[in-house]
Amino acid sequence: MIKILVIHGPNLNLLGKREPGIYGKVTIEGINKKLKEMAIKKKAGVDIFQSNHEGEIVDKIGKAGNKYDALLINPAAYTHTSVAIRDAISAIDIPAVEVHLSNIYAREDFRHISLISPVAKGQVSGFGADSYLYGLDAAINLAKKITK
Ligand code: DQA
């Protein structure tokens, strides 16, 4: 069975209460439920991890190569700052899909740069919680080596 690791970065545990005008009212539990439902339909497994700590995310990615077929990650604010997370993704040999709830290119200039995109297979940005579902679809297809 295809196994996907999902990582939510910092402050995404606050979804629902956090800037609902930007991120919507969906909670992280709501997103995780949708991801699990989609995984069941597609006969894939998902493990989900959230952390506000860069080093914990780096550790998790570092161990993912042996256990998972693809990585789905919303690096949140670390998208724009973390060479360590970028290098961790680069170091493993499974494909990564980067997702964002908001359209990072329609926001402040500092969000227009992603340090993660060059080491990801692709990015989904701007579709709210659906970004994760499109991203999971892509991650599963990549893991199965299917390209649409
Ligand atoms: C985000 C966008 C980032 O710029 C921001 O720091 C986040 C969330 C998104 O999902 O839209 O925390 O990754």
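## Exercises on a predicted model

Serine 102 sits in the loop between β4 and β5, where strands (E, at least two residues) and helices (H or I, at least four) are DSSP runs numbered from the N terminus. The model is predicted, so that local features need pLDDT of at least 70 and side-chain atom pairs count only at pLDDT 80 or more, while totals for chains, interfaces and linings use all residues. Residues are numbered from 1 along each chain as its sequence is written, and side-chain values use heavy atoms, with hydrogens and water left out.

**Exercise 1.** Determine whether serine 102 is buried or exposed, and list its contacts.

*Solution.* Begin with accessibility, for which buried means under 20% relative accessible area, exposed over 50%, and partly exposed in between (1.4 Å probe, protein chains only). Serine 102 has 9% relative accessibility and therefore counts as buried. Next take contacts, meaning heavy atoms within 4.5 Å: leaving aside neighbours within four places in sequence, serine 102 is in contact with Ile22, Tyr23, Arg107, Ser125 and Gly126.

**Exercise 2.** Describe the order of the strands in the open sheet, and explain why β2 and β5 stand at its edges.

*Solution.* Two strands pair if DSSP finds at least two bridges between them. The open sheet of five strands has the order β2-β1-β3-β4-β5, with parallel pairing. Because β2 (45-50) and β5 (122-125) each have a single partner strand, one side of each is left without a neighbour in the sheet. Neighbouring strands are turned by 20° against each other on average, direction ignored, with axes being lines fitted to C-alpha atoms, for helices over the stretch in contact, and angles running from 0 to 180 degrees between N-to-C directions. Within this sheet, β1 (residues 3-8) and β2 pair in the parallel sense over six bridges, and histidine 8 stands opposite glutamine 50 in β2. Finally, helix α5 (residues 130-143) packs on the sheet, touching β1, β2, β3 (70-74), β4 (96-100) and β5, and its direction makes about 175° with that of β4.
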